[in-house]
Amino acid sequence: MADKGVDGGRGRRPGVVSKQRGNSSQRFYVVLALVIVAGALLIVRAARAPRAIANVTTAPVTPAQAEGYLLGNANAPVQIMEFADFECPACGNFAVITEPDVRNRIVNAGLASYRFFDFPLPMHKNSMAASNAAACAADQGKFWEMHDELFRNQPEWNGEATDNPKKLFLGYVKSLGMNTDAWEKCFDAQTHQSRILANQAEGNRRKVQSTPTFVIGTRMIPGAMSYDTFKAYVDSASKEAPATAKVDTAAAKSTAKGATK
Amino acid sequence: MSRRQTLALLAVVGICIALYLTLYKIGVIGILSCSVGSCETVNSSRWSMLLGLPIAAWGLGAYVALLLLAMIGSGEERESSVPIARMIVALATWSVLFSAWLTYLELFVIHAICIWCLSSAALWVLIFVLSVADLRAVSRAQ
């Protein structure tokens with residue numbers, strides 16, 4: 001005999017079904033609330049974490065053997081490192097298009113220091129020679145000028161264009177008003193090879209996989225980027241920087257002027 | 001717990017992952033907790049943005065849509081709704097395909113693995129399986 005109050009599908013009365021459903025819903029909302037609270041706590045914790053300490057691969061610059069080439073005030077609140085290969089086209093594009101703005105509006109403004117680290121890639125035949133050329137220019141206080149010349153003229157001295165880049169490098173040395181004899185002696189003896197290899201080793205230690213790769217504050221960012229993106233990373237790093245690191249703008253400007261002259 | 005409620009729970013888990021990655025991308029979170037792989041390489045690559053928005057933000061949108069559909073579909077009146085089941089399957093299918101493409105980029109183009117992105121991809125596969133089971137069940141009951 002059919003019972004009017006029986007649930008045909010499961011043989012339970014509607015009151016029982018409704019109560020069970022209520023319990024199930026309650027359980028669901030409790031679990032949902034727990035998941036939401038746990039997720040929110042984890043995210044808030046991540047957002048408040050002391051970033052510089054948590055960082056593994058991108059410690060702030062600690063020049064030992066690998067000191068790179070400094071531009072700007074070494075004590076600026078944000079430290080920027082660039083690992084680049086003089087023969088890499090993306091590095092060239094960044095150096096020619098974006099880097100002037102980075103120097104004028106970030107480094108010269110005292111917001112950050114900038115260190116260039118050689119990261120010559122094995123597939124680029126003349127890259128090591130270019131690193132040597134720049135290192136020898138640094139002896140005469142012209143690293144950044146030579147850096148700019150090398151990147152600007154990349155199409156004429158790269159490994160596919162010539163087997164004898166030295167001839168072209170000498171032209172840049174002359175045009176920059178350097179002592180060519182001293183530069184040539186240094187270049188031929190590969191005086192700074194160990195410095196270049198140390199810079200490269202620093203990149204390997206930080207697991208740099210492509211060029212250019214930037215370390216801005218505590219973040220490692222592979223690939224060239226626009227000025228706006230670069231500035232956003234600097235601003236983000238600036239917020240993370242310890243409050244004690246105040247900008248010595250005047251010192252920064254004078255150092256940067258000297259370096260970019 | 002019903003299938004739709006389980007889907008809602010999975011959506012919340014996905015929202016947490018996507019929100020975490022989005023907050024990293026916009027600079028609120030400084031460093032990704034990434035014990036396996038290279039999350040920063042992936043999330044700083046040129047593939048991490050789509051139409052001006054971080055990929056993670058698109059994922060966040062998809063998870064929020066799933067949560068809404070699953071919550072609406074969990075109500076007593078709509079728990080057997082076929083259109084809602086179809087919408088969830090459609091969303092899950094699209095998301096699984098999109099996640100597969102992103103995973104391909106990680107493995108073969110960027111050559112780096114982001115454990116959070118892979119977790120999200122696995123989550124979408126689970127959501128897809130559950131959503132298909134849900135669609136079959138509600139279609140059979142009709």
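This report walks through the disulfides of a predicted model, plus a serine and a cysteine worth a look.

## The overall count

Chain A holds the pairs A:Cys88 with A:Cys91 and A:Cys136 with A:Cys186, while chain B brings in B:Cys114 with B:Cys117. Count the bonded cysteines along chain A and the pattern reads 1-2, 3-4.

## A:Cys88 and A:Cys91

Let's start with the pair that comes at the head of that pattern. The sulfur atoms of A:Cys88 and A:Cys91 sit 2.4 Å apart. That is within the 2.5 Å cut-off, so the pair counts as a disulfide. Turn to the torsion about the S-S bond and you find about 95 degrees, which makes this disulfide right-handed.

## A:Cys136 and A:Cys186

Next up is the bond from A:Cys136 to A:Cys186, with an S to S distance of 2.0 Å. Its S-S torsion is about -85 degrees, so this disulfide is left-handed. The bond ties together distant parts of the chain: A:Cys136 belongs to helix α4 of chain A, A:Cys186 to helix α8 (residues 180-189) of chain A, and the two are 50 residues apart.

Both ends are tucked away from solvent by the numbers. A:Cys136 has a relative accessible area of 1% and is buried, and A:Cys186, at 7%, is buried too.

## The chain B cysteines

Over in chain B, B:Cys114 and B:Cys117 make a disulfide with their sulfur atoms 2.4 Å apart. The torsion about this S-S bond is about 80 degrees, so the disulfide is right-handed. Both of these cysteines, B:Cys114 and B:Cys117, are buried.

One more cysteine deserves a mention here. Is B:Cys16 buried or exposed? Its relative accessibility is 17%, and since buried means under 20%, B:Cys16 counts as buried.

## A:Ser131 in helix α4

Back in chain A, helix α4 spans residues 127-139 and includes A:Ser131. With a relative accessibility of 1%, A:Ser131 counts as buried.

Which residues does A:Ser131 touch, once those up to four places away in sequence are set aside? The list is A:Phe86, A:Asp118, A:Pro120 and A:Ile196.

Definitions and conventions: Residues are numbered from 1 along each chain as its sequence is written. Chains are lettered from A and ligands numbered from 1 in the order in which they are written. This is a predicted model: local features need pLDDT of at least 70, side-chain atom pairs count only at pLDDT 80 or more; totals for chains, interfaces and linings use all residues. Side-chain values use heavy atoms; hydrogens and water are left out. Helices (H or I, at least four residues) and strands (E, at least two) are DSSP runs, numbered from the N terminus. Buried means under 20% relative accessible area, exposed over 50%, partly exposed in between (1.4 Å probe, protein chains only). Contact means heavy atoms within 4.5 Å.
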